Structure formats: structure tokens, C-alpha cells
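The sequence and structure come before the details.

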Amino acid sequence: MAKTRAAPGLSEIIDAAAAGHAPEVAAALRLEEARPAQLLGASERLTLEGHGRIVTYSRKVFIPLTQLCRDVCHYCTFAKAPRALRQPYIPLDEVLAVARAGAAAGCKEALFTLGDQPELRYSSARRALESMGFATTLEYLEHCAREVFSQTGLLPHLNPGLLGAQDMARLRKVAVSMGIMLESASDRLTRRGGPHFGSPDKVPARRLATLDTAGELAVPFTSGLLIGIGETRRERIEALLALRATHVAHGHLQEIIIQNFRAKAGTRMANAPEPSLDEHLWTIAATRLLFGARMSIQAPPNLRPDALEALVRAGVNDWGGVSPVTPDHVNPEAPWPHLASLARDTEAAGRSLIERLAIIPAFARDPDTWVDLALRAAVRHRVDALGRARTDGWYAGSGSPVPADAMHAPRRARGAISAQLKAILRAAERGDDIPGDAVAGLFAVHGAELEAVLGAADALRREACGDEVSYVVNRNINYTNICLYHCGFCAFSKGRGARSLRGPAYTLDLGEIAQRAREAWAAGATEVCLQGGIHPGYTGRTYLDIVAAVKEATPDMHVHAFSPLEITHGAQTLGLTLPRFLSELRATGLSTLPGTAAEILDDEVRAVICPDKLNTAQWLGVMRAAHGVGLRSTATIMFGHVDNPTHWARHLLAVRDLQKDTGGFTEFVPLSFVHMEAPLWRKGLARSGPTLRESLLMHAVARLVLNPHISNIQTSWVKMGAQGAALALEAGANDLGGTLMNESITRAAGGVNGQEFDAARIEALAAGIGRPAYQRTTLYQRIGTAARPPRAVFARNAAEL
């Protein structure tokens, strides 16, 4: 007779949850037996796995649109009778005044909270709505939310209570997220003597129906429990399981709030006992075990101001909305913490405080699914690659200043650094290959871990290249901006779809190209960099003629020319193999290839930003062929648009793997996406370029991942600006690239950092961070040694072109 397997014990249930196996109903109910201490270790491990060492918050304004409510919850001071209010609804001009004050204070969220359907109870509410031209409170809410967004840019989050499908669909068009607290799934609490007696909108089944409707309409939704209002532990678990069921069905719960009841004077529950800290911690930990590592779990910091570290240890990864402008109208006795104090307290708990939007980062990363078309561009433009809020005010190529607190900060890592990160940094120092998931994780670091990554990269730079900063004196010659391709990030090319972008179409003839090369040589240049659009009239013969014209005009000039896309086009138009065409170019005088057109070496991204361009394998194939015929090249990455750290990791590993095979890359060049005139951005389909943090991490992570295979990491002053480039030189970069003389591609995208950065300015920039600079050739030979003519003198003293 087969033996029946014994039910798992409590320890087994907790261990399984910690390993990612959320307990089913029977096992979940067993958690009510657990002491908080039994759950906290597993809960914290899951939280760190899902969210790392950060705690998020949203900087918001709180707009109590109406405090009239048809419900009579026995613990609530938010809802008031008409006689206690100056007016039934806050007028639109006052709503906008609050929103404008919030926007001026750096807020990004407008939280609308209101009583449930007061017009069903109060004639004064009906008269007020009629006088304003609205039939319902929800119609007025829709109007106010739309006006707040259009006039202030704040992103609305709505807490309007019960909603049917029609109302929710309308409100989805004006809000990035919504919420309703389940509070409890216990019908017992709605009976006479219970806290929800007399409150028809607090019937659990009705609230769960609203949650299901939100899921069906793909609305990012916040919900949670109010603990300590008379429920049992078992009832809390049952409520959490009900929330989990709707989330499993729809995937729409962006956050679970575990809020502790606070007794308030003047309410029927003024003398009711408040839940202990242990009960709060137990509930948070149980929530984490039931929902797993990825769910965002919030506890309001103003309701447990002296226990924030304990809340974090229990499983909290978010503080919710915090306002520097408005009070917490639901808990007026508990003021919001000052953000500086909250940051310090969060750091004391071993976490970094990071701002988010009203919509949780995981949902902000997928606005096509979760956000109405009218709001998608605003979400995309305001987030970083991880879906968190942009806060530094820095944009690549824009000339925006680097935040004061980022300027040349010493790399002293303070605070907790995980054992996993320490192991990755040690592996990078040894030159070991770092696996892809670990590479992606390096882009998520903040606080002490961010400083540790930047510091490790800077130390590797010093070991590989010393303290000297190198640069090349060169001239960019972009011989045409007419292009057959339709890259969504490019504002330089001119075609049928580019008439609104900067400047007219042009093509330089061979005589003009040669003249520009002669001018560059006279100004001390050792290199010309030649690139352009894929002109429909160009063939491989065109590219051969361009090289020949430059070499005839300046025989000793290094010709650094033609992206892999141009190489492919040239070979195809002549019916030649890649190696044959590259060999002919080399024989004509081509010296090296720029590693542009790489963008992101991941076909998932390329399908969005450059669907008709080379795919990843083709780009790598051109570079392999070039290296095979003796032509070295650079490698680039153009990032910060529709990509994310997983794509960045794949790109870096593809470059690393090819370099290990061929050794043909001379340097790696991060190119931050300049968004201002880019077609994808103008259509609302791309982010606003990388943040400064992401840009610095790209230089640092490249140094760590490519060590020891690529020694030179270049920073682009065109993209980073002088201040940003200086920071990159302290985060793993050792090279400032070229003086350029005629930069036009970034300028076409809206860049304002200039067309030239001459040798004197480069040397001054390096001196500003206490580093010497030297002029090099394209292949990193020092200029001015016995082996090379001292053209550095010409470069420093040449007249402006």
C-alpha cells in the first residue's frame, strides 16, 4: 500500500518560498503559526533577489478631490460630512495650484484620493457636480486628472474607490496607474460591530471585482491590506491569497501595501489597540513569501517612522508616495518624513533611496502594455533603462550641467556591498570572463555598490593604461547625409521621411573631400574619419575613389573610414565578397574601420531602432572579415533608447568574444543616445537617452567586462560634454577620442557640445582631474616620439578651420 506523503512542515514551507516556490493555499495558511523571526531571513533574501539594495519612492502631491464619502469606516478621519467642509469638491483652479507647486518642487506624481461616490448620499455633492457641468464624481475626476497632466506634466495616480469597466476605461486614458486597498477579504468585518459596517463599498467581493476589472483592462493597480482593524492572521493570509489570485490571472498588481492601523481621535475606533511592530513585520514577510521576489511591497514610512530598518528587513522595497508639498490627508497626524531624512534612514538600513514615477518600474518598462497611448511618451521620456525616474537633469549632448554632487566624487564605497558583487569585481580584476547575467546586474547598482563598480573600473584603467589621457587629432568628413535607411535614432540622414529634421541634404564631391583632408593635415591632424549615409547612387567604387582622393591629397594621412554598413553596401554593389572588397580598400589606402552602425548588438533592439540595417551577425561578420585582412577597427555601443541592461550585456559579450578570436579592436567607445531630434524620441517611442549614472556605468562596466582583451575605453566629449567626459575618465575611460574639427552627426540630433574640442582644451580637461594628456595616432602610438614626426605642435597651434 502506497504511503501518503506527509504535509510539509513550516520550515519546509518557508525554505521552499525562499527558493522561489510560493506556497499554495494550504501551505500558505500554515504561515499563521510562524513567529516573525522565522520568516524574516527568507523574506529579506527574496527582497534582495528581486530588488537589490534599493528602496524606491514617488515624489508626489496629494490632491483630496473630495472628502465626501458614502461609506462610514469606523477608523477614518478623511471622510467628512458636508457641514465640515468649505466646499464639496476642490475647484479645478485649486487643484492646478497644488499640482503646479508640486511640479516646481520636483514632484512627478499627482495622487488623487477621494471618497466613494458621494453623490449617491449627499444632495450637496449632486448640486456641486451639476453646477460644474458633471454628472458624477468620476467625470469630474477624469477632467481634473486630464488638466493636471496637460498643464503641469504630473502623472496622475487615481484612488477613486469601486469602478466598473466603463468608468475604469475612461480613467485609464488620464492616469498611469490606479489603486484600491482591499484592506481585508473578511466579510465578518462588514457586519454590525465591525469597522466596515455601513460601508457598502468595503464589501470584499465588490473590491475584488474592481481589481479583476483593472486586470482585464491592463491598468497598473496598487492594492493592499490595512492590518489591525480586528482581522486575524488567517484572514490576512486569505486576503493576500485573494490578491494573489487576481494577480496570477492578470499580472496587473504593481504593488502591495501593508499599512498599519492608526487609532485616530474622534473616530469609533479611537481607543482600539494598534497592531504591534511584530505583527506588521510578520504580515510584510508573509506577503513577500506569498508573492515572491519581484512584487513591490510598500509600507508608508510616516506610520512607522522609528522602525524603517525593521520594515526593510521584513521585505519592504518601496516607501510609496512622499510629498514635499502636501500633507498626508488620510493620516494627518503623521507628517511625511523629509526626503533628506528618509534617504539617511534608508541608507542606515543598508539600502539606497531611489525615486520612481507613480507607475512602478517594472510596469514603466513596458508602457505599450500598461499605459494609454496619450501618456506613453511622457512615461518613456521620464524613466531610465530600469523604469525608475530620471532625476539628474543631465541629457547626453544637450550641454546640461553635471549635478554638483557628481563632480569628481572620491570613490570611497560606504555602506553594504554584496558578496556577489565583490566576487564579480575580483573576477574582473583577474581578467576572468564575467557571465551575462552578472554583467546586466552591474548596471543596476546604486549607492556604495555604484561607487565600488566605478572605483574598480578606475583601478583597472590605471593598471592597464596608467594615468595619462590619450587623444587623436582628427577631422570628421561626413561626405553625404542622403541615406536609403530609416534608423529611428538618426537625425543626420536625409530621405523622404526626414524633411522636418535639421539642415538640407548634401553630397561632397571628391575634390571637396580632398580639400578637407588637406586642411586637416595643415591643422595638425593625423587622421580623417570618413562616414556618411548610404547614398542610392554610391557603389563600392565610390568608397574606393574617396580613399584614393584622400591619399592623393595627403599621402601620410591615416584613413579611418566606412562603417560595416557601408562596407557591406560597397561589397554588394560590386559583387565582391567582404574580404575581397576590404582588401581592395586596404590596398587603396584604408587604414582602419570605425566601429559604428553597431548601435546595440541585439536583434530584439535592432528590430525597433534600425529594422532595415545590418543584423547583429552581419555587423560582427564584417568586423571579423576586416580583422582577417589586417584592418583593425574600433567597437561602439549606442545606448539609452529602447534598450535595457540585458541588451547592453549581450552587446559587451559579443564584442568580447570576437576580440578574443581576432584581437582586432583598438578601443571600445560608449556613445550615449542624443534624443532631442531623434525620430524615435519625437514619436514618443524612445527614452531621453541614458542618465549620467548609466553613461558612467557603461564606461566602467565595459572596462570590467573587456579586461584584458581591449585596453582602451574611449569617452565621447561630444555626447558627454566636458564635465561628463571628465567623470568618465575617473570611471574606467583612458581616452578622449578625437578633436574632430567638424562633428555633424550628433549636432544634427540636437547636440550642442560643439564641433571641435582642440588639443589645448583636451589637455586642460585632463589637467583638471590631475592627469597628463598626450597625442596619439589612431593605433595608439604616441605622437612626438622618435618614431613619429612631432605633429602635436601643429595640433596645438593650428588656426581654426
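Which residues have the most contacts inside the largest nonpolar core?

## Basis of the description

The model is predicted; local features need pLDDT of at least 70 and side-chain atom pairs count only at pLDDT 80 or more, while totals for chains, interfaces and linings use all residues. Residues are numbered from 1 along each chain as its sequence is written, and side-chain values use heavy atoms, with hydrogens and water left out.

## Nonpolar cores

L530, F562 and F668 have the most contacts inside the largest nonpolar core, which has 125 residues. A nonpolar core here is a set of buried Ala, Val, Leu, Ile, Met, Phe, Trp, Tyr and Cys residues joined through side-chain atoms within 4.5 Å. Buried means under 20% relative accessible area, exposed means over 50%, and partly exposed lies in between (1.4 Å probe, protein chains only). Helix 27 (residues 692-706) gives the largest share of this core, ten residues. Helices (H or I, at least four residues) and strands (E, at least two) are DSSP runs numbered from the N terminus.

Not counting residues up to four places away in sequence, F668 touches A635, T636, I637, H651, L652, V655, A702, L706, I710, N712, I713 and Q714. Contact means heavy atoms within 4.5 Å. Another core, of 91 residues, lies apart from the largest one; A27, L96, I284 and A293 are among its members. In soluble globular proteins, nonpolar side chains tend to be buried together.

Six strands form an open sheet in the order 11-12-13-14-15-16, with parallel pairing. Two strands pair if DSSP finds at least two bridges between them. Strand 11 and strand 16 are the edge strands, and each pairs on one side only. Direction ignored, neighbouring strands of this sheet are turned by 25° against each other on average. Angles come from axes, lines fitted to C-alpha atoms (for helices over the stretch in contact), and run from 0 to 180 degrees between N-to-C directions.

Strand 13 (residues 558-561) and strand 14 (residues 590-593) run parallel and are joined by two bridges. In this pair, V559 stands opposite L590 of strand 14.

N474 belongs to strand 11 (residues 474-478). N474 counts as buried because its relative accessibility is 4%. Its side chain joins that of E527 in a polar contact of 3.0 Å. A polar contact is a pair of N or O atoms within 3.5 Å; within protein, one must be able to donate a hydrogen and the other to accept it, and residues adjacent in sequence count only if both atoms are side-chain atoms. Leaving aside neighbours within four places in sequence, N474 is in contact with A525, E527, G738, T739, L740 and M741.

Strand 10 (residues 469-472) runs parallel to strand 18, and three bridges join them. Y471 stands opposite Q775 in strand 18.

## Helix 25

Helix 25 (residues 645-662) has 18 residues and reaches 26 Å from its first C-alpha to its last, close to the 26 Å expected at 1.5 Å a residue. The expected span is 1.5 Å times one less than the number of residues. At the start of helix 25, a side-chain oxygen of N644 reaches to within 2.9 Å of the backbone nitrogen of T646. After the helix comes G663, with a positive phi near 65°.

The buried residues of helix 25 include W648, L652 and V655. Its buried residues pack against helix 17 (436-442), helix 23 (603-609), helix 24 (616-628), strand 15 (632-639), strand 16 (665-672) and helix 27.

## Local backbone features

The peptide bond from N707 to P708 is cis, with omega near 0°. P708 lies in the loop between helix 27 and helix 28 (717-728).

E183 is not a glycine, yet has a positive phi of about 70°. E183 sits in the loop between strand 4 (177-179) and helix 8 (204-216), and is buried at a relative accessible area of 11%. A218, also not a glycine, has a positive phi of about 55°. A218 is in the loop between helix 8 and strand 5 (221-227) and counts as buried at 18% relative accessibility.
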